[in-house]
Amino acid sequence: MQFFLPNGAATITVQHALYGTDASSSWELWAQPQTACNCDKWTKVGSTVFTTSSTLQAAAFTANIPGAVKFEIRKTSGGAARLNIDDFAVTPFGATLPSVDNSHLALGNPSGATADPSYPNNYLLDKPQYAVSYSRDRGTPNWVSWHLDASDRGSVGRQDNFRNDTSLPDGWYQVQSSSYTGSGFDRGHNCPSADRTSTRENNSATFLMTNMIPQAPNNNQKTWANLENYGRTLLPDNEVYIIMGSYGVGGSGSNGGTTTTIDQGRVTVPNRVWKVLVILPVGDNDAARITAGTRIIAIDTPNINSLSEQWGDYRTSVDAIEAATGLDLLSALPLEVQAVVEAKVDNGPTN
């Protein structure tokens, strides 16, 4: 863009497609606010987009940048393959936007996951109970994101019906309920069973193996259970947006030593397990209510059996998790809010 838009930008929508028969590519949107010094400083907006179809599709970004701003699109993969970019539309800053509340992806899609089998290691499973970026080659989620409030909690008991996820694309290996047997690792939930006790269907959905990672038993049953229980004590006065994921290779379960894979190499054992909780008083227009003062808890633990049961010992910043994983967490928040809240390390109560 060779000029500045004078009224800022709240949201941006871009129509994108493959050019002719060219191969798939990825691209990013970058913004440059106008400054008194005319500094040439660009900032990435939202997540990387993967273009895989020759039919125009819409990609939406939340910028919330006041004052004059200009944009550029940066192609990040695909070599000489070309893109068809059309209908670049900007909603001015301050315009009234529709409220997106209680969506599992209301705070952003951390990896730009898409329900396209052409991206088997960043495949989006958008379920009523949670959203998943699934990795076929690892046999585990990259991350799982969900919203939690009092309406998600009820009297339904734990279903314990661990099972393969038949919604995966045809031909993909489906991790089985027995895939972790004898491995020394728990079938560790990302979205916990106890966060979905309102109906039998909702609780049952948490036992799909696409919601599981091989997790060291003490890590799962003590440290992480303590954090999960703490999150639920924040209800009903608050609602919580939660993102959990794992990364790296090699953990230590109850069998001792370091294990890199289980299930005949079809499931990767992660080295680290992380979680981010965004805590808000119950209300509407959630993303817009998050400020520099909003409490955000981020933790990152080793996937081992010999760790502290106190989850507070593993607090870190969102920035640190992003640096370790390459994800863009909380991308739906205004950039100036992200800059503050993602750098902080929580020091609030732990029980």
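How many bridges pair strand β2 with β5, and in which sense do the two run? I began my notes with this, keeping in mind that the model is predicted.

**Entry on the sheet.** I found that β2, which covers residues 25-33, pairs with β5 over eight bridges, and that the sense of this pairing is antiparallel. Looking for a residue pair along these strands, I noted that Leu29 has Ile73 of β5 standing opposite. I then traced the sheet as a whole, which is open, has three strands in the order β3-β2-β5, and pairs them antiparallel. Its edges are formed by β3 (43-51) and β5 (69-77), each of which pairs on one side only.

**Entry on backbone angles.** I next searched for residues that have a positive phi without being glycine, and wrote down Asp87, with a phi of about 50°. Asp87 sits in strand β6, residues 83-91, and because its relative accessibility is 53%, where exposed means over 50%, I recorded Asp87 as exposed. Asn285 likewise is not a glycine and has a positive phi of about 50°; I located Asn285 in the loop that runs between β15 (272-281) and α3 (286-289). With a relative accessible area of 35%, Asn285 is partly exposed.

**Entry on a peptide bond.** Last, I checked the bond between Leu235 and Pro236, which is a cis peptide bond with omega at about 0°. Pro236 belongs to the loop between α2 (217-233) and β12 (238-247).

Definitions and conventions: Residues are numbered from 1 along each chain as its sequence is written. This is a predicted model: local features need pLDDT of at least 70, side-chain atom pairs count only at pLDDT 80 or more; totals for chains, interfaces and linings use all residues. Side-chain values use heavy atoms; hydrogens and water are left out. Helices (H or I, at least four residues) and strands (E, at least two) are DSSP runs, numbered from the N terminus. Buried means under 20% relative accessible area, exposed over 50%, partly exposed in between (1.4 Å probe, protein chains only). Two strands pair if DSSP finds at least two bridges between them.
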